[in-house]
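Dear colleague,

I am handing over a structure for your study. Please open it first and then read the notes that follow.

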Amino acid sequence: MLRRLVLAAALSLPVAGGAQPPIVIKFSHVVAPDTPKGKAARRFKELVEARSGGRVKVDVYADSQLYKDKEEMEALQLGSVQMLAPSLAKFGPLGVKEFEVFDLPYLFKDTAAFRAVTDGPLGAELLRRLEPKGIKGLAYWDNGFQIMSANRPLHRASDFKGLRMRIQSSKVLDAQMRALGAIPQVMAFSEVRQALQSGLVDGTENVPSNLYTQRVHELQKHMTLSNHGHLAYAVIVNKKFWDGLPADVRDTLEAALKDATTYANAIASDENDLALLAIRASGRTRIYTPTPAEMDEWKKALMPVHKEMETRVGKATIEAAYRATG
Ligand code: LMR
């Protein structure tokens, strides 16, 4: 008997015969399936299941079906789910405040500047800082630039005065809204639509694909193409689970994630352009492009947030980001 057990363990075979149950990865996220993140998660699932020959199953749970923003981080640490792709603005409560560097207004002039940070030493270092939290960071997925929405036109920085604006759980975003004279309100993504509907908040910021799939345009009369902030994700796994996987399975997962990442980053811009077109076509929301003079005013109001947040995010981290973005 012992000999059989040892042999079975060595060959990774089930002792009592029959097929081994697959390794199951629960991948939880908070957005709609039909968004860049939702599609990339699905692509990852398809690639893994095809390439592992059924050895690994990836169950994707979209739309906060399993957990909301904060709960999903806790669930990952506890091992109730194995994989997430939270926005980079949601790592502060975990104690890795340096991630909030990505929320600094107007830090990235374009997607290439964002990628220069994630693909460089700072991107790698930030993922490493998750390890003491029991989390392994595997990749960054882009989702482009954010716009502002409200029921009043937001042409000038001063138009924000007194507006209650929903934000993600980032102190930099909090400072950003305060710099505009708004009142920031941290709220889970799954609660935003309801909060806008009930009047708990007056407005929000997000990328067009999130605004469209949450049908925010049915509730907000005005959106401004401010491109003031950037939304992106870190694909993360429970470290203990990851370290315990057979090496060849890890290789398969890494290769599939590399391809899913290429896909995620390739579709983000077009998906958001299409969502913006759909919002426009709905006729429910007026979309405004600020004039250069207005943009200068927004920047003047928002750039001091960089200095103000030095103690939160770390001067060295901010400077490393500046160096990477050129
Ligand atoms: C938000 O909370 O607005 C975003 O982080 C949602 C997401 O995951 O895109």
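Please note that the model is predicted.

Which residues are around the ligand? They are Val-30, Val-31, Lys-37, Ser-87, Gln-168, Phe-189, Asn-206, Asn-210 and Leu-231. This shell consists of four nonpolar residues, four polar ones and one charged one.

One of these residues, Asn-206, also belongs to strand β8, which covers residues 203–206. In a regular strand the side chains alternate between the two faces of the sheet. In β8, Gly-203 and Glu-205 point one way, while Thr-204 and Asn-206 point the other way. All four are buried.

Strand β8 has two neighbours to consider. Strand β5 (residues 147–150) runs antiparallel to β8 and is joined to it by three bridges; here Asn-206 is the bridge partner of Ile-147. Strand β6 (residues 164–167) runs parallel to β8, with two bridges between them, and Met-165 stands opposite Gly-203.

In soluble globular proteins, nonpolar side chains tend to be buried together. The largest nonpolar core in this model has 86 residues, and Phe-44 and Trp-141 touch the most other members. Helix α10 (residues 247–282) gives the most to this core, namely nine residues.

Leaving aside residues up to four places away in sequence, Trp-141 touches several residues, including Ala-40, Ala-85, Val-235 and Ala-264. Trp-141 also touches Lys-37, which is one of the residues around the ligand.

A colleague

Conventions:
Residues are numbered from 1 along each chain as its sequence is written. This is a predicted model: local features need pLDDT of at least 70, side-chain atom pairs count only at pLDDT 80 or more; totals for chains, interfaces and linings use all residues. A residue is buried if 20 or more other C-beta atoms lie within 10 Å of its own, exposed if 12 or fewer, and partly exposed in between; C-beta atoms are placed from the backbone. Two strands pair if DSSP finds at least two bridges between them. A residue is near a molecule or strand if its C-beta atom, placed from the backbone, lies within 6 Å of it. Ala, Val, Leu, Ile, Met, Phe, Trp, Tyr, Cys and Pro count as nonpolar, Asp, Glu, Lys and Arg as charged, and the others, Gly among them, as polar. A nonpolar core is a set of buried Ala, Val, Leu, Ile, Met, Phe, Trp, Tyr and Cys residues joined through C-beta atoms within 7 Å. Two residues are in contact if their C-beta atoms, placed from the backbone, lie within 7 Å.
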